[in-house]
Structures are given as C-alpha cells and as structure tokens.
Amino acid sequence: MERVLLRNTESPHSADIHEYIKGGGYISLHKAFEMKPFDVIDEVRRSGLRGRGGAGFPTGMKWSFAVADPQTPKYLICNADEGEPGTFKDRGILEKNPHLLIEGMVISAYAIEAAWGYIYLRGEYPRAKDVLLSAIKQAYEKNYLGDNILGKGVGFHLHVHCGAGAYICGEETALIESLEGKRGQPRIKPPFPVNEGFSLKPTIINNVETLANIPCIIEIGGDAYSKIGSPECPGPKLYSVSGHVKRPGVYELPMGVTLREIIYTHCGGILGDKKLKAVIPGGISTPVLTPDKIDCPMDFRNLPRVGSLLGSGAVIAFDETVDMVNVCLRITKFFEHESCGKCTPCREGVGWMRAIIERICGGAGRNGDLDHLMEVSSNILGKTFCPLGDSAATVVQSYLGNFRHEFEEKIKNR
Amino acid sequence: MITITINEKKITLEKPVTILEAARSAGIHIPTLCHEDILEPYGGCRLCLVEVEKVPRLLSACTQYITEGMVVRTETERVIEARRAILEFLLINHPLDCSFCDKAGECDLQDLAMKYGPATGRFAEGKRKHPESYDDPLIVRNMERCVLCSKCVRMCEDVQGASALCITNRGSKSYVEPFSGGRYNCEYCGNCLTVCPVGAIMSGLHRHDYRSWLIEREVETVCSYCGVGCSLLLQIRGNSLIRTVPKIGRGLNRGLLCSKGRFGYDYISNSERLDTPLIRRNGELQPAAWSEAITHIARRLKEIKENHGSDAIAGIVSGRCTNEDAYVFQKFFRGAIGTNNIDSVASLAYGPAQRFFERIFGQGVTANDIHGISNSDGIFVIGGDPTGINPVLGLQVRSACKKGAPVVVMGYAEGLKRFSKHAFITNSTTETVLLASLVSEIKKKKSLPGERPVFEEIISGLQPVPLKDASEMSGFGLNDLVDTVDTLSNMINPSIIVGRDIVQTSTGHMSLLFLAALAYLLNGRIYLLSELPNEQGLLDMGCQPDMLPSGRPLTIETFRTRCEETLGIAIPSTPGLNYVEMIEAAHAGRIKALYVMGEDTVQGLPDRNYVSDALRNVEFLVVQDMFLTETAQYADVVLPSLSWAEKEGSYTNLERRVQLTKKAVEGEGIEEWKIISEMSKILGLDMGYRSVTDIFTEIVRISHIYREITYNDITSGRCMWPYKGGPLRHDVHIEGIELPDIVSVMKNADESGVQVRREAHLFHSQNASRYSPALQSISPEPYVKMSETLAGRLSLRDGEHVKVVTEAGSITLSVHRDPCLPENVVLIPPFEKGGIFEITKWKVNPVTKAPALDGNRVIIET
Ligand SMILES: Cc1cc2nc3c(=O)[nH]c(=O)nc-3n(C[C@H](O)[C@H](O)[C@H](O)COP(=O)(O)O)c2cc1C
Ligand code: SF4
Ligand code: SF4
Ligand code: SF4
Ligand code: FES
C-alpha cells in the first residue's frame with residue numbers, strides 16, 4: 001500500500017512546508033475550499049473514517065452533530081496528548097508530517113465552521129512542539145492559516161497548548177478542562193463536547209491521526225477511501241509496535257492486518273527468535289492476548305471478539321521470558337498514578353489492586369489474594385466516572401484470566 | 001410532562017430533572033455523598049448509582065437526567081452491591097478514628113457505612129497518611145478523612161467565589177488544600193465546612209470540646225452582625241452556646257454565612273464581658289447592684305431635667321439593639337424625659353441615604369429582595385464593598401457576574417476585584433464628579449420615562465460634566481469612562497448597591513442626588529448596605545430626632561397627636577438633635593446627660609480626640625454595653641447588656657424583612673427594655689410591658705407600616721415589605737432639593753496629596769468583632785493599604801511599619817501594597833487601635849448631617 005499518513009517521511013526535511021507541497025501537500029485544502037462545508041462532511045461520512053483516538057467513533061457523524069448545534073463560535077481541537085504507554089504513532093505525524101495535520105485541521109475547521117483551533121500536545125513532546133510551531137508559522141506565511149485563507153474569506157487560527165503530563169487529559173472532556181486552565185478531570189457527559197465543549201461552545205475533538213486522514217479522504221474521495229482496509233473500519237492505520245520484536249517502530253498498514261502479520265512480517269519476529277508469550281494489541285489500557293489470538297485482524301470490530309480492543313493500535317509484544325505478574329503490576333501502577341481522583345472506585349480501587357499485586361510480586365502473597373483481587377476489580381468495573389478506571393479493572397482481569405498460573409506460582413513460592 | 005417509573009412507582013414530572021430529584025420528589029431515598037443542591041452535579045462519589053432498564057451500566061442518579069418512559073430501580077441487588085463496594089472503597093484509606101472525630105454523630109460517611117456498608121473491611125495494605133493541619137487559627141484540616149467529594153472546592157469556587165481551595169495531587173494522593181498553603185488566607189466564610197460531609201474540614205473553635213449528640217437544644221435565629229440577617233442555628237448544651245452553624249437551604253442566606261456569622265459568635269462568651277453595673281465613685285467605676293444603678297440613673301436624669309431642661313438630655317441607640325429595645329428607648333426619651341434628642345448610628349449614613357431616596361421615590365424604595373441582585377443584568381456598586389460589609393449580599397453580586405452581568409464599581413471593593421468590569425477607586429470629590437459626569441452622559445443616551453416629572457426637571461437642570469473633564473480631573477482613562485457609560489446604559493434591570501462611604505463626605509448630598517438620577521435613568525433597584533443588624537429597625541422605630549415610629553415626620557401635627565393619643569404621652573413638637581449634633585452640643589457643653597445604648601461612640605465617629613472631649617464634657621454619661629468599651633470608660637454609670645443570644649426581639653434587615661432573634665442561653669443581666677421601663681416608671685411613665693410581645697403589639701398598633709404583623713408572621717422568614725400591604729406614602733416632596741453646583745466643586749477641588757479613605761473590613765465590624773477572639777485571630781494587625789507606586793516611591797515592602805500622619809493625629813501601621821489603588825488614595829479600616837478614626841478630623845456634611853471623612857491628607861513617614 002502506498003503510504004498516506006507517513007508519505008515522504010524518510011526525507012530529512014519532510015516537516016518543511018516546501019517539501020510537503022512538493023509532494024502534493026495542501027492540494028486537498030484547495031479542493032475542499034471548492035466544496036461546500038456540508039459536502040466535505042459528507043465525504044468524510046462516506047469514507048467510513050472512525051476516530052483513531054481509541055474509541056473509534058465515526059468522525060463524519062461527530063462533525064455533523066457539532067454542525068447541527070446552532071451555537072457559535074465552534075472550536076476544533078486536535079488531541080495530541082498521546083499519553084498511553086506503548087503509543088507513539090501520533091508522534092510520527094507530529095514530528096515528521098506536521099503539515100498533513102495542519103492541512104487536515106484547516107479542512108476540518110472549514111467543514112465545521114470553526115475559526116479557532118487548538119492542538120493539545122503531550123507535554124513530553126518538546127521536539128514535536130518545536131516542529132509544530134515552525135510548521136504553523138510557515139502555514140501562516142503561506143496563508144494556509146490566518147484570517148483569509150487562500151483569499152477565500154475563510155479564517156482559521158491554530159494554537160499549540162502543551163499538557164503537563166497527565167494521562168487523563170487525553171480524555172476529551174478532561175482535555176477541555178485543562179485547556180480552560182482548570183484541573184484535568186473529566187466532565188459529566190452529556191452534554192458532549194459537540195454541544196458544550198471548550199468555553200461551553202460546540203467543539204470537535206479529534207485525534208491527530210484522525211485529522212491526518214482528512215486530506216487523503218478529500219484527495220481520493222470518501223468512496224475510494226472506504227475501500228482501504230477493513231470494510232467496517234476502513235483506512236490506513238498507524239501501528240506503534242514495541243516490546244520484544246526485532247524492528248520496533250511506527251508502521252502504516254491498512255486497517256485489519258493481523259497481529260501476526262505486524263509482528264512477524266513487518267517487525268521481523270520476536271527478538272532472539274524466542275517464543276511469543278503475550279501481546280497487548282492497542283496500548284496498555286487494552287486487555288492482553290495470548291499467542292493463539294494473533295491471527296485476529298487489527299480493527300475496531302474484530303479485536304473485541306477475542307476479548308480485547310484496538311485502542312490506539314499500540315502493539316506491545318512480550319517474549320517467553322517475561323514475568324506477566326510484573327507486567328500487570330507495572331500497568332496497574334500506571335493507572336494508579338494517572339487516576340485523576342474524581343471518582344471513588346478508580347481512586348481507591350486501583351491503588352488497592354496495585355497493593356495486592358505488589359505484595360504478590362514481593363513474595364508476600366496470600367491464599368485468597370487472587371479471588372480478592374478479582375473481586376476488587378469487579379467492584380471497580382462499571383462504576384467509574386470515566387473509562388480510565390474501567391480499563392484498569394478489565395486489564396487486571398485479563399492478566400488474571402490469561403496468566404492466573406503465574407500469579408498462583410508466585411503466591412505458592414513466596 | 002415526563003413520566004418515568006422508579007421502583008415500580010409511576011412518577012410524572014413537569015420538566016427534565018435528574019433521577020435523584022425525581023426520586024426525591026416521590027419520597028424515594030437515594031444515598032449521596034458528593035451531591036449538594038446548591039452546587040452543580042459532580043458525579044464523583046458514585047454512591048448514587050441506580051439501575052436503569054435497557055442501560056447496561058449503572059448510572060449515577062445525581063447526574064443523569066430522566067427521559068420519557070425511563071424505568072429506574074434504586075434498590076436492586078446489583079445496586080446494593082455497588083453501594084457496598086463504593087463504601088468499602090471509601091473506607092479503605094479512611095482512618096476510622098470516629099472515636100475522637102468532631103464529626104462523629106453527624107457524619108454522612110458514618111451514617112452511610114452504618115446503613116449500607118460492609119460489616120468488616122478487607123483492606124490490609126496500609127493506609128495513606130496525611131497529618132492533621134493546625135496551621136490555620138480557625139479551620140482544621142484532616143485529609144485522612146477526606147472523601148474527595150470536592151464539595152468544599154466547588155462551594156468555594158462556584159458559590160463563594162473566593163477560589164481559595166484546590167485539590168492537590170492526583171488519584172489516591174489527592175487532598176484538599178488552600179492555595180495559600182497551610183493557612184487559609186481566604187474569606188473565612190466557613191461555607192466549605194458547612195458542606196464537608198465528613199470530619200475533613202472542621203471549625204477549630206470547638207475542636208474536641210463537644211460531641212454532636214450531646215447538643216441538647218438548637219435555636220434558629222438570625223445573625224447579629226450585619227444588615228443582611230442570615231439565619232443560623234445556635235447549638236446549646238446546658239447554658240453554653242457550643243457553636244453556630246447554618247442550615248443548608250434555610251433562611252434568606254439559604255445556608256451560606258460569612259466569617260462573622262460563622263466564627264464571630266464567641267464574643268458572647270468572652271471573659272471580658274461585664275456582668276454587673278458599674279457606678280463611678282471617686283473617679284472610679286465600681287460595681288453596684290442593679291437596683292442601685294437604675295435608681296441612680298433615674299435620679300440623675302431627673303435632676304438634670306429639672307436644672308437644665310429636657311433638651312439637655314440625649315440618647316443614642318446602636319444598630320445591634322432590637323426593634324423592641326429601640327422602640328422603648330425612644331418612647332422613654334419622648335414620653336418620660338420629654339425630648340426628641342434621640343438618634344442612632346443609622347443617621348451616620350444609612351438613614352440619610354434612605355431618607356434621600358425615599359424623598360424622591362417614595363417610602364420603601366430600598367426595600368428590595370436580596371436575591372433580586374443575582375437576577376439583574378448589571379450591577380453598579382458605590383461607596384462600599386458588598387462582599388466585605390454584607391458578605392452574603394455580596395455573593396449575589398458575584399453570582400450575577402458569573403451569569404454574565406457586568407459589574408461596575410466606584411470606590412474600593414476588595415472582594416469584587418476579580419468580578420468587576422470597571423472599577424474606579426476614587427477620592428471623595430472625584431466620586432461626586434464622576435457620578436455627575438456619568439449622569440450627564442447617560443442622560444444623552446436614555447430618554448426620561450416621564451414617570452416623575454418633578455424629579456425629571458431636576459435631572460434636566462443638572463449641570464453637564466463632559467466625560468473628558470471628569471477623566472482629566474480624576475485621572476481615569478477616557479475610554480474606560482466611555483465604555484462604562486455604554487455598559488451602564490445597556491442595563492435593563494440593574495441593581496444599584498450603595499455603601500456608606502458615598503454619604504460620609506462633604507459632597508455626599510450631591511452624590512446622593514446624582515445617584516438617584518442614575519438609578520432613575522437606568523431603572524435600577526437600590527440596595528443600601530448596612531453594617532449593623534438593625535439599622536433599618538432603628539429608623540422604623542422612630543429613633544430619629546425628627547421622625548416618629550414608621551418614618552412619620554414629627555413636625556406634622558396629625559401624626560404627632562395621633563401618636564400622643566395612642567400612647568397617652570406628650571411628645572415635644574420640635575425636632576431634637578441628631579447623633580453628630582449631639583456630640584457637637586456635648587462638646588459645647590449644651591448636653592448635660594447622654595445615654596448611649598450599645599454604641600461605642602468614640603470608635604464610630606471621625607476624630608477620636610474631639611469625641612472623647614465631648615464625652616468628658618458631659619455631666620452624666622450612661623453607657624449600656626456588653627463590654628467596657630472606650631466610650632464606657634468615660635461613663636458615670638455602665639450597665640451590662642445582654643448579647644443577642646440571650647434575649648428576644650426582632651430585627652429589620654436592609655431589605656426591610658422583619659426577623660426574630662431568639663433567646664438561646666441565659667445571660668447575666670437584664671433586658672434593655674426592662675431597664676428602661678424601670679427607669680421610666682421612676683420618672684413617672686409606667687409603660688407596663690410584661691414581655692417583648694407586649695412591646696411588639698404596641699409597635700404594631702402605632703406604626704402604620706408594621707400594622708397587623710405578628711411574631712408568627714415573622715417566624716416564617718417571609719415578613720417582607722410592604723408587609724400586610726400597608727399603604728405606602730406617596731406624598732413625595734422634592735421641593736427644596738438644591739441643584740448642586742458641580743462646576744464650582746470641580747473648580748475648587750484640591751486634588752493634591754494623598755487622601756485617606758475607610759476600608760470596611762470583612763473581619764472587623766464596628767464593635768462585636770473586636771471581642772471575638774476568632775475574628776481577631778484572622779488579621780489582627782492594623783494596616784494601611786497603598787498603591788504600588790506610592791509604596792515604591794517610599795521603598796516600602798509589604799508588612800513594613802510606617803507612621804501615617806494627618807492634621808488630626810498619627811498612627812503606626814503595617815503596609816499592605818495593593819496594585820489596584822491609585823496613588824492618591826490610601827485605605828485604613830476602623831481598627832480599634834490604629835484605625836482611621838484616629839486620624840480624621842471632625843467634619844460634618846452640612847445637608848445630610850452625616851460625618852464627613854474626606855479631606856484628610858496623609859503624610860507617610862518611614
Ligand atoms: C483515559 C483516556 C485517555 C485518552 N487519551 C487519549 C489520547 O491520548 N489521545 C487521543 O487522541 N485520545 C485519547 N482518548 C480518547 C479521547 O477521549 C477521544 O475519544 C478522542 O480524542 C476522540 O478523537 P477521535 O474521535 O479522533 O478518536 C482518551 C480517552 C480516555 C478515556
Ligand atoms: S475513572 Fe474516575 S478517578 Fe479514574 S480517571 Fe476517570 S473520573 Fe478520574
Ligand atoms: S472558608 Fe470560605 S473562602 Fe475560605 S476556603 Fe472555605 S469556602 Fe473558601
Ligand atoms: S474536605 Fe470534605 S468537602 Fe472537601 S473534598 Fe474532602 S470530604 Fe469533600
Ligand atoms: S451523589 Fe451521585 S455520584 Fe456522588
């Protein structure tokens with residue numbers, strides 16, 4: 001497949017606007033400006049594009065909700081918080097292909113009639129920040145951003161806002177709170193950001209990768225786009241692969257490739273040709289899979305069928321030597337650390353799970369600990385305010401479910 | 001109409017509400033922890049989870065709105081399991097130290113755990129530690145007990161508008177902390193304490209000295225501090241007041257309080273309180289029996305009356321006296337002494353302002369519901385900080401602002417800094433000039449409605465003051481002024497809030513006229529700030545030298561004779577002296593006997609030396625007070641007063657709402673009205689009251705405005721103007737209002753130098769707060785606020801001490817730098833020692849007869 005999202009990124013100057021334009025960049029913008037905003041949305045709807053931030057919500061539908069709301073002004077926010085361990089796909093676009101994102105954002109803003117946009121950037125991406133800032137400056141100079149873009153009377157301004165290192169600020173409503181200068185905690189939904197987002201105005205929040213798909217959709221048309229990859233969730237997809245593979249990195253492949261193909265074909269297999277023991281398909285907030293599931297196509301529909309999720313498409317492979325209880329501990333520690341503290345089950349429960357697992361790892365496990373752990377996780381599940389706490393519980397359950405014997409062994413051999 | 005089913009019960013509601021509200025309306029209880037009616041839904045604790053048919057997840061009832069046909073179940077096994085799980089989570093890091101937690105017995109968590117919780121905890125991993133913080137003098141924080149419901153933070157941010165608290169850290173390491181660190185340095189409203197469901201934020205005043213279940217009685221009464229009259233609950237054990245607490249939803253304050261109401265109650269148990277009468281013998285105040293003191297006073301008053309005439313005697317009432325006490329006091333002076341020399345603190349500002357507005361717009365024009373403020377589309381504040389003087393009224397201003405109403409402030413308002421669109425900190429002359437200029441500009445934009453032709457003639461006759469001239473004179477930017485004119489002109493139903501500083505200047509009478517014109521042009525509702533709980537009542541009771549009860553002029557014979565006939569007394573026909581005239585007459589030796597009930601005169605008037613001289617000059621001075629105030633120290637007889645919690649009566653607040661104050665504990669002493677009637681009897685007028693009810697019955701009989709009110713009406717809290725529809729007086733007399741010569745005011749203004757103005761301080765009221773250790777502990781040190789430029793020029797840092805010198809005196813104060821202040825104004829609050837009245841000279845506004853605090857130039861000596 002020809003690369004779309006990472007087109008030309010081998011070039012050391014791929015972030016430069018001239019290079020980008022040379023490779024056909026900003027053509028889609030011209031094309032979109034010849035269309036009516038409504039038709040742009042329609043094109044996106046027909047493309048079947050689903051959000052790449054993790055939840056897989058149909059992008060065209062989200063946009064039409066915001067457009068249906070009579071309130072103005074409207075805002076466009078790019079979610080570049082990319083905080084989930086294992087996920088570094090957006091970084092590829094941000095650092096190597098920033099104009100693709102900017103072009104996507106200008107087209108999106110044109111479609112939803114937003115005059116202001118924000119890129120909420122992960123605080124730990126200083127390089128991406130520099131690249132973005134100079135790309136935005138170039139875009140202003142070339143009149144792809146500003147009050148009268150391409151002389152068409154369309155105005156759009158773009159700001160970069162750096163987060164301060166909270167994973168929860170990747171959740172869209174917490175992100176808005178944070179952008180408004182408040183403590184990053186999720187808001188009650190509904191109202192959804194499409195109706196009451198930034199400054200309580202209709203706001204579209206899309207992931208970097210989602211927005212980076214827009215120029216391609218406009219370029220080739222929604223129908224053609226919908227033929228790429230899986231039929232129900234089409235399009236190119238970035239997979240960030242890490243762990244015990246020979247060639248870790250960001251891979252652009254169509255939606256629906258199998259885990260096996262990613263690990264063994266594209267990443268060259270397991271390091272030292274060891275055996276694969278487990279794989280996380282979509283970032284640490286998705287349940288872990290055992291090797292028998294790796295023929296599952298990587299998309300929003302098929303992974304749930306084997307008990308996991310596509311999430312951000314961050315694949316982490318573990319070879320046979322890995323202590324899965326330790327992995328589980330590490331992940332639970334992350335969730336405990338990142339729980340915003342708003343709701344009781346996540347705030348108190350995740351720490352409790354961590355304490356039990358930590359005790360087991362430290363050789364002080366007791367009989368009954370595992371049932372207890374299972375119970376604590378069930379007590380969290382389904383009761384939290386936002387998906388973070390739920391993920392922590394499901395994830396722990398997936399380790400307990402798939403690798404219970406490892407936990408038991410630790411307790412027995414304490 | 002929306003119909004839903006909860007627990008198999010069909011419920012129909014008019015508008016979409018939350019499941020929680022719907023359930024409550026049907027009498028179905030759903031447990032909550034982070035929900036509070038006056039706060040926005042939060043959804044954090046997850047205790048209120050319920051099952052909704054066709055929805056796989058449990059939903060939080062406090063955040064989820066009902067939809068047609070929704071089927072909700074609140075007590076299924078799944079729900080009960082979930083509740084138990086949540087409670088278990090809440091308890092794992094909780095210290096379970098109920099045995100010495102002050103909240104025990106009234107703790108939501110304790111009650112919930114008892115009702116729904118697991119019997120035993122399974123948590124064995126070691127609890128989070130967080131030492132209790134005693135850094136603050138009033139508020140104790142124990143973050144191990146915190147359930148992170150965030151109610152305190154939301155209260156402070158969204159309702160109080162102080163934004164003093166935050167949740168620090170994340171996840172299970174979260175805890176609540178004031179932004180300022182250990183000490184709160186906030187407004188100390190205590191509203192965060194009110195909503196904390198557990199023992200995490202508590203009052204330090206009664207720490208570990210009571211158990212909630214040992215509280216024997218609760219008395220609902222109104223606060224004794226300011227003219228708002230918030231409802232509060234006095235909790236008593238034996239004969240001691242354990243604490244005062246508000247009750248969410250109750251009273252006009254709906255459960256909110258300010259620092260004074262919340263923490264200031266401890267003055268009543270101050271050990272310095274007088275418990276026995278004192279008579280000056282051989283130059284010293286010595287204890288005496290009540291009967292002796294009362295006969296002594298009666299005898300001396302009689303002598304003086306015989307030797308010098310009735311008009312050599314005068315009486316002053318404080319704004320903390322009840323209607324009943326005030327009424328009896330003026331009746332005593334008119335009927336038993338035979339003089340109209342009776343006045344009160346209300347005449348220092350509140351009275352003249354109200355009188356002026358009523359003269360133009362009719363009686364009751366300032367009787368407006370406080371809650372109307374938050375519904376107005378714009379606010380104009382002048383002459384005082386509502387959030388400092390009448391804090392709970394001030395919250396309404398902040399709330400209006402949050403709803404988008406622009407706030408324009410003239411004068412200094414610390415608590416509105418973050419809420420005002422425009423703020424002009426003026427000195428007194430520029431205040432009048434600016435007002436004049438605003439009126440002349442707004443006049444051009446708004447047409448006169450034609451309702452009050454006579455007043456419109458006056459408005460039309462006002463000299464124009466171009467904004468440019470006002471800007472040049474005041475130093476405020478022309479653009480700001482232009483925008484202010486626009487902002488004000490665009491208001492449709494504004495509230496105009498008036499504090500005493502505007503009255504207490506030598507051009508105060510002019511300012512009042514311009515303000516009336518402004519209110520008329522903008523169709524504004526006027527609110528008068530009132531620093532004491534019963535200023536309005538004093539006016540209504542006839543504690544004025546020229547007015548009988550219910551604001552009827554004494555010089556109108558029909559009123560006077562009707563009063564005389566009803567009461568069976570003779571009332572002299574010539575008006576008496578007002579408060580400042582009494583002091584002047586005393587200074588000149590014309591007042592021989594002065595009876596001061598509850599007022600610390602030396603501390604309430606400009607020029608302490610002048611006032612002390614006047615008091616020393618009085619042959620016979622009687623002071624009735626709870627404490628040996630500075631005024632009392634000059635007295636010949638001092639009578640101890642009961643505190644507001646020790647007697648019954650009524651207060652009329654600044655909205656003219658009449659409310660009851662109730663007796664909660666027994667005090668050492670006798671009710672004022674009893675003492676006065678006792679003396680009256682000796683002087684030959686037997687008033688014959690057996691109880692306060694008798695007095696109130698008489699008030700109702702004599703006053704056409706209080707007609708037919710009963711104590712029962714008052715108890716409901718809705719005893720609002722115009723009460724039983726009593727006729728409003730429409731005989732408005734505008735004639736005789738002089739058109740101010742603002743042009744010559746501008747010409748003659750001397751704007752050189754730095755002038756001192758008064759800052760009404762949130763934690764320091766006129767007197768009771770001085771005797772409250774709690775309030776004193778917050779910010780005990782007297783200070784002077786000055787601009788950054790002035791401080792910079794003198795190289796002064798915050799907290800440094802300087803000598804502030806005027807013609808009238810000098811005081812040493814610590815420096816507070818305030819970037820909002822202009823260079824030519826410094827502010828000093830009325831502290832007992834080091835207060836503004838020590839360095840202001842005696843001056844009276846010729847028209848309103850209110851003291852004037854302007855024109856005092858200061859020199860700062862480092
Ligand atoms: C705890 C949590 C963390 C999240 N972090 C991210 C993130 O880092 N980046 C992102 O794009 N979306 C993140 N999301 C998803 C966003 O809430 C939101 O669904 C997404 O930005 C929508 O964009 P999309 O429709 O383009 O996917 C997160 C969600 C949750 C619950
Ligand atoms: S589940 Fe609750 S505590 Fe956890 S991150 Fe979401 S809102 Fe915060
Ligand atoms: S006392 Fe009042 S101002 Fe202070 S923190 Fe509590 S709510 Fe805020
Ligand atoms: S201190 Fe009290 S009110 Fe504040 S979050 Fe904790 S429990 Fe809630
Ligand atoms: S009361 Fe509903 S979540 Fe706390």
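In this predicted model, the largest nonpolar core comprises 402 residues, and those with the most contacts inside it are Val106(A), Val279(A) and Val498(B). The largest share of this core is contributed by helix α16 (residues 508-522) of chain B, which supplies twelve residues. When neighbours within four places in sequence are left aside, the contacts of Val279(A) are Leu259(A), Leu289(A), Ile294(A), Val315(A), Ile316(A), Ala317(A) and Phe318(A).

Around ligand 4 there are 14 residues, of which Cys146(B), Cys149(B), Cys152(B), Cys196(B) and Ala200(B) come nearest. Sorted by class, the shell around ligand 4 consists of twelve nonpolar residues, one polar residue and one charged residue.

Several backbone features were also noted. Most peptide bonds are trans, and most residues other than glycine have a negative phi. A cis peptide bond, with omega of about -10°, joins Lys189(A) and Pro190(A), and Pro190(A) lies in the loop between α8 (172-179) and β5 (203-207) of chain A. In chain B, the peptide bond from Trp721(B) to Pro722(B) is likewise cis, with omega near -5°; Pro722(B) is located in the loop between α24 (711-715) and α25 (742-748).

Ser550(B), although not a glycine, has a positive phi of about 65° and is found in the loop between β22 (547-548) and β23 (552-553) of chain B. Because Ser550(B) has 21 C-beta neighbours inside 10 Å, this residue counts as buried. A positive phi, near 50°, is also found for Ser795(B), which belongs to the loop between α27 (788-793) and β31 (801-805) of chain B. Ser795(B), however, has 8 C-beta neighbours inside 10 Å and therefore counts as exposed.

Definitions and conventions. Residues numbered from 1 in each chain as written. Chains lettered and ligands numbered in written order. Predicted model: local features only at pLDDT ≥ 70, side-chain atom pairs only at ≥ 80, totals over all residues. Core = buried A, V, L, I, M, F, W, Y, C linked by C-beta atoms within 7 Å. Buried ≥ 20, exposed ≤ 12 C-beta atoms within 10 Å, placed from the backbone. Helix = DSSP H or I, 4+ residues; strand = E, 2+ residues; numbered from the N terminus. Contact = placed C-beta atoms within 7 Å. Near = placed C-beta within 6 Å. Nonpolar A, V, L, I, M, F, W, Y, C, P; charged D, E, K, R; others polar.
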